Amino acid sequence: MQERILQCAYHEIETKGVRFTMSDLARRAGVSTKTLYASFPSKEALITKVIEENIEDLRKAEDQILHDPDLDLVEKMRQLLALVPNNFSRTDLRVWYELKRYYPEQWKLIDAFNQQEWEHVRIILEQGVEEGVFRRIQLPILIQIYTGTLNQLIDQQLANQHHVTIGEALDAVIDILLGGIVDSSK
């Protein structure tokens with residue numbers, strides 16, 4: 001029952017953002033609100049479970065990328081930096097803004113993950129430096145650039161102006177981070 005409710009919650013988030021009601025969710029799941037609240041005592045508890053589940057999925061995806069023998073170091077770095085939970089990849093930045101604004105306690109889980117989960121990037125970066133693929137940089141600066149940019153994109157709700165999904169925004173940021181702005185073909 002809990003998994004079915006979570007799948008319906010992902011659909012509600014994708015279509016309405018995090019401002020859906022528990023009644024909306026109960027209707028979509030085909031259960032009573034009493035049944036819904038038996039599984040999740042509050043919407044905050046539901047959102048917390050959604051975030052925790054996605055963070056766990058991200059950790060598994062990071063491990064798969066790190067150990068994928070078919071990916072070169074640049075592609076591993078690109079995929080690690082662009083990693084977005086599957087259930088949120090099609091959501092626009094508005095959803096992330098709403099999550100940050102209306103669920104600050106739950107947002108702390110995402111923020112902590114974004115600040116602390118850089119071990120895989122560090123491993124690929126060090127390997128790339130040893131192999132001459134990447135130049136030596138200060139990882140803490142990269143982390144600040146990445147997380148600062150992501151927070152600015154969310155806070156400014158770029159999506160409202162340009163209809164950008166979180167995945168598209170991260171791809172654009174990573175393209176600039178890895179490729180710079182100089183046209184190397186000239």
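Trainee: What makes the pair Asn54 and Tyr10 a polar contact?

Mentor: Keep in mind that this is a predicted model. The side chains of Asn54 and Tyr10 are 3.2 Å apart at their polar contact. The cut-off for such N or O pairs is within 3.5 Å, so the 3.2 Å pair qualifies.

Trainee: Where does Asn54 sit, and why is Asn54 called buried?

Mentor: Asn54 belongs to helix α4, which covers residues 43-66. Its relative accessibility is 3%. Buried means under 20%, so Asn54 counts as buried.

Trainee: How is the protein chain divided into domains?

Mentor: Domain 1 covers 1-41 and domain 2 covers 52-179. Those bounds come from an automatic or database domain assignment. Taken over C-alpha atoms, the centres of the two domains are 27 Å apart. Nine residues from domain 1 and twelve residues from domain 2 take part in the contact, where heavy atoms must be within 4.5 Å.

Trainee: What is the volume of the largest pocket, and which residues are closest to its centre?

Mentor: The volume is about 370 Å³. The lining has 14 residues, and Arg135, Ile137, Leu142, Leu177 and Leu178 are the closest to the centre. Helices α5 (73-81), α9 (139-155) and α11 (166-179) each give the lining at least two residues.

Trainee: How many residues of each class are in that lining?

Mentor: Twelve are nonpolar, one is polar and one is charged. Leu and Ile count as nonpolar and Arg as charged, so Arg135, one of the residues closest to the centre, is charged.

Conventions:
Residues numbered from 1 in each chain as written. Predicted model: local features only at pLDDT ≥ 70, side-chain atom pairs only at ≥ 80, totals over all residues. Heavy atoms only, no water. 1 Å grid on protein atoms, 1.4 Å probe; cavity = no way out; pocket = protein on both sides within 12 Å on 5 of 7 lines; lining within 4 Å. Points joined across faces, edges and corners; volume = space filled by probe spheres on them. Helix = DSSP H or I, 4+ residues; strand = E, 2+ residues; numbered from the N terminus. Buried < 20%, exposed > 50% of the residue type's maximum accessible area, 1.4 Å probe, protein only. Polar contact = N/O pair within 3.5 Å; in protein donor to acceptor, adjacent residues only side chain to side chain.
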